[in-house]
Amino acid sequence: MADEVQTPESDDDGTRRREFLYLATLGVGAVGAAAFAWPIIDSMNPAADVLALSSIEVDLSPIQEGQSVTVKWRGKPVFIRRRTSDEIAAARAVKAGDLVDPQPDEERVQQPEWLILVGVCTHLGCIPLGQKSGEPTGDFGGWFCPCHGSHYDTSGRIRKGPAPKNLDVPNYVFLDDSTVRIG
Amino acid sequence: MATKTEFNNPVVRWVDERLPVFTYLDHEYNQFPMPKNLNYWWNFGALASVVLVLMIVTGIMLAMQYTAHVSMAFESVERIMRDVNYGWLLRYIHMNGASMFFIVVYIHVFRGLYFGSYKAPRELLWMLGVVIILLMMATAFLGYVLPWGQMSFWGATVITNLFSAIPFVGDWIVTWLWGGFSVDNPTLNRFFALHYLMPFILFAVVGLHVVAVHITGSNNPTGVDVQSPRDTVSFHPYFTAKDSVGLVLFLFVFAAFVFFAPNYFGEPDNYIKANPLQTPPHIVPEWYFLPFYAILRAVPDNFIGAWMGFTLINAKLAGVIAMFGATIVLFFLPWLDTSKVRSARYRPVYKWFFWVFLADCLLLGYIGSQPAEGAFIWIGRAATAYYFAHFLIVFPVLGWFETPKPLPTSISEPVLKENS
């Protein structure tokens, strides 16, 4: 390109020089437009105050064995279930290879007793039933999504129905025996 | 428009045969003949349209983050400044963009005044321009209310109260504008809705303004009509290039304010949340309204009443009429100016009156920024009187008395003469 700039006009009527200038101008303009486009696009990303609320701490001590609680995290429900030994056994009895979205229960929990899931059906985003006593829990004793009939087991894995994936497991850490930080 | 352009690209050709947008673009922005002697004062129309687009883009993004409620508006603007990604940049561009828009448009107007761009056959083009200014003023005022600072609130209060000067129905109109008995949440809500609406109306009128200038063609520094293709060059690349140079320089100035003096044009009081129980000690409008504000305050008490013996018009109403009249009079300029010569280059006397008028407008702006007391009152009255005299006396009379310099026979003639 540098050669073209120095090409004397007498060589080729300045056509190449003009084309270079034309492309260079367009190029600089395009870079400028892109540089301005980014702040505009990025302004629609989560703002600092939204990100500041993106992790929560939950006190687990009031939750008895066999109970579930729902907490709100990033605007979505998070299911926290303190599983019974029967439920853990049921979840681990299944061969991972038989599942729609194969994943052993061990990979889905940090402590077998505590199952923590994003309570959003992986089909089209409804909230599955099964958190409160009396709600349908589906054919596998976990959760049942009323929108299109997806059944989840006691590890939150999809077993039957249109949902393609298991219920998401959020990032979390146990701060101590009775406190977990989600997010 | 009659002849279609032939395109090589089959997709472009397919579209163009059904909807000749590419032919239109080619005719109006590629081949369009422009007077070849245009100077850099002819950049400002293009600059104004760039600012309008910038304002609409940044405004839409800000509207996504803003909350039009009296208890949340101020905080939502602070959230934009602190929490939203690049929110500070979008807001500072939008805030300073308003000032840039008025600077560019005022220069555009004074260029039109100097070179007689309002004269036949461009009267309607000019009048559309005046409509654009009125829409800009309304939009700027509405937008200034949205941050819900002290100046927002009290500016809104003062400006809406102007309408109370209308005889008989004034108070009713003000209540109607407010949607209540003071500037409050209903007012803020409707101002936000209107502030979002008006730029699109503005955009449409700018479209008409551009169509109109492409019918008559641009005026030029000599004010002499284009007579042959020798007097013109094509829009592209000559004026795309010239406009780009001006645009880059302009963006330097714009960016300098946005990044280094973002609050230069603003009032510190507007970073105090609106308080309906306390008026700031010194209320001033944004700088672009100052000349009009000075005219509003210039009309003395009972001056018109005593003079005309007409009790319906009090000082408040007279001031309001004068302020709106200062813009409305521009609509009549094409007929108030009786001179057949367009450009001030060939009007030796008008040229001086033009500079006097420009100085008068700047003086009015200064007076508008000062408290209405002492000598400022009298200077403001004199400057207001001159403002109207310029349109109502100087323009009509000068056309009869002034002997213009001999006009060149064509646009190319003075250039050829200079170089021979």
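The structure is a predicted model, and the features below are computed from its atoms.

In chain A, strands β2, β3 and β4 form an open sheet in the order β2-β3-β4, with antiparallel pairing. The edges of this sheet are taken by β2 (68-73) and β4 (114-118), each of which pairs on one side only. From one strand to the next, the twist averages 20°. Strand β3(A), spanning residues 76-82, is joined to β4(A) by 5 bridges, and the two strands run antiparallel. Within this pairing, Arg81(A) has Leu115(A) of β4(A) as its bridge partner.

Another open sheet of chain A consists of 3 strands in the order β1-β9-β8, again with antiparallel pairing. Here β1 (56-59) and β8 (172-176) are the edge strands, and each pairs on one side only. Neighbouring strands of the sheet are turned against each other by 25° on average, direction ignored. Strand β9(A), residues 179-182, pairs with β1(A) in the antiparallel sense over 4 bridges. The bridge partner of Ile56(A) in β9(A) is Ile182(A).

In chain B, helix α6(B) comprises 23 residues and reaches 34 Å from its first C-alpha to its last, close to the 33 Å expected at 1.5 Å a residue. Of these 23 residues, 17 are buried, so α6(B) is largely enclosed by the rest of the structure. Thr139(B) lies in this helix, which covers residues 123-145. The relative accessibility of Thr139(B) is 10%; because the cut-off for a buried residue is under 20%, Thr139(B) counts as buried. When residues up to four places away in sequence are not counted, Thr139(B) touches His195(B), Met198(B) and Pro199(B).

Helix packing in chain B was examined for α11(B) and α13(B). Helix α11(B) (residues 290-298) packs against helix α13(B) (residues 315-328) at an angle of about 145°, with the axes 7 Å apart. The crossing of α11(B) and α13(B) is right-handed. On the α11(B) side, the contact is made by Phe292(B), Ile295(B) and Leu296(B). On the α13(B) side, Gly319(B), Val320(B), Ala322(B), Met323(B), Ala326(B) and Thr327(B) take part. By class, the contact between α11(B) and α13(B) contains 7 nonpolar and 2 polar residues, with no charged residues. An α-helix has 3.6 residues a turn, so residues three or four places apart point the same way. Among the contact residues are Phe292(B) and Ile295(B) of α11(B), and Val320(B) and Met323(B) of α13(B).

Technical notes. Residues numbered from 1 in each chain as written. Chains lettered and ligands numbered in written order. Predicted model: local features only at pLDDT ≥ 70, side-chain atom pairs only at ≥ 80, totals over all residues. Heavy atoms only, no water. Buried < 20%, exposed > 50% of the residue type's maximum accessible area, 1.4 Å probe, protein only. Contact = heavy atoms within 4.5 Å. Pairing = 2+ DSSP bridges. Axes fitted to C-alpha atoms, helices over the stretch in contact; angles between N-to-C directions. Left-handed = near helix turned anticlockwise from the far one by under 90°. Nonpolar A, V, L, I, M, F, W, Y, C, P; charged D, E, K, R; others polar. Expected span 1.5 Å × (residues − 1).
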